[in-house]
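Dear colleague,

Please find the structure handed over below, together with its sequence. I would be grateful if you would look through it alongside the notes in this message.

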Amino acid sequence: QVQLVESGGGLVQPGGSLRLSCVVSGSIVRINSMHWYRQPPGKQRELVASITRGGSTNYADSVKDRFTISRDNAKNTVYLQMNSLKSEDTAVYYCNAEVLTYAISNYWGQGTQVTVSS
């Protein structure tokens with residue numbers, strides 16, 4: 001009923017930028033918080049950035065001042081602007097959202113690959 005689809009990943013050189021998008025679709029009453037996670041090769045999934053329905057944001061220390069999370073509630077979309085990318089940012093990036101349909105549940109996207117390499 002609810003699906004999240006990420007886009008915008010790809011290959012970029014260190015110091016470059018990418019913007020990820022995640023569109024939520026389905027039987028949506030309201031989207032509460034939205035999040036970006038990432039999973040580097042051989043490591044566990046970690047929280048990168050979060051944004052509340054009202055627009056309050058939080059970031060992991062490793063991306064603070066480089067990444068910006070934002071959302072467009074009219075389009076049910078969350079974005080992650082990634083600047084000054086480092087090799088350590090290489091990971092599969094996943095979108096997560098708390099969505100109210102007939103109940104409140106968390107949903108995950110399929111992920112999009114970001115590779116930072118010279």
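Predicted model: local features only at pLDDT ≥ 70, side-chain atom pairs only at ≥ 80, totals over all residues.

Overall architecture

The chain holds 11 strands and zero helices, and from the N terminus on its elements read β-β-β-β-β-β-β-β-β-β-β. With a radius of gyration of 14 Å, close to the 13 Å that the globule rule gives for 118 residues, the chain is as compact as a globular protein of that length. Along the principal axes, the C-alpha trace extends over about 45 × 25 × 25 Å.

Of the 118 residues, 42% count as buried. The accessible surface amounts to about 6200 Å², and carbon and sulfur atoms account for 45% of that area. Taking contacts between residues at least 6 apart in sequence, 54% link residues at least 24 apart.

In soluble globular proteins, nonpolar side chains tend to be buried together. In this model, the largest nonpolar core has 28 residues, of which Trp36, Leu80, Met82 and Tyr93 touch the most other members. Two or more residues each come from strand S3 (18-25), strand S4 (30-39), strand S5 (46-51), strand S7 (67-72), strand S8 (77-82), strand S9 (91-100) and strand S11 (112-116). Strand S9 makes the greatest contribution to this core, with five residues.

Methionine 82 deserves a separate look. Leaving aside neighbours within four places in sequence, Met82 is in contact with Gly16, Ser17, Leu18, Leu20, Arg66, Phe67, Tyr93 and Val114. One of these partners, Tyr93, is itself among the core residues that touch the most other members.

Alanine 91 belongs to strand S9 and is buried, with a relative accessible area of 1%. Not counting residues up to four places away in sequence, Ala91 touches Arg38, Gln39, Pro40, Thr112, Gln113 and Val114. The C-alpha atom of Ala91 is also 6.6 Å from that of threonine 115, although the two residues are 24 apart along the chain.

Threonine 101 sits in the loop between S9 and strand S10 (104-108). Its relative accessibility is 12%, so this loop residue counts as buried. Beyond residues up to four places away in sequence, Thr101 touches Val2, Ser27, Ile28, Val29 and Tyr107.

Two loop residues with positive phi

Which backbone angles would you wish to inspect? Aspartate 65, a residue other than glycine, has a positive phi near 75°. Asp65 is located in the loop between strand S6 (57-59) and S7, and at 76% relative accessibility it counts as exposed.

Asparagine 76, likewise a residue other than glycine, has a positive phi near 50°. Asn76 lies in the loop between S7 and S8. With a relative accessibility of 25%, Asn76 counts as partly exposed, whereas Asp65 counts as exposed.

In summary, the model is a chain of 11 strands with a largest nonpolar core of 28 residues, to which S9 gives the most.

With kind regards

Methods
Residues numbered from 1 in each chain as written. Heavy atoms only, no water. Core = buried A, V, L, I, M, F, W, Y, C linked by side-chain atoms within 4.5 Å. Buried < 20%, exposed > 50% of the residue type's maximum accessible area, 1.4 Å probe, protein only. Helix = DSSP H or I, 4+ residues; strand = E, 2+ residues; numbered from the N terminus. Contact = heavy atoms within 4.5 Å. Rg over C-alpha atoms; globule rule 2.2 N^0.38 Å. Areas by Shrake-Rupley, 256 points an atom, 1.4 Å probe, with all protein chains shown as cover.
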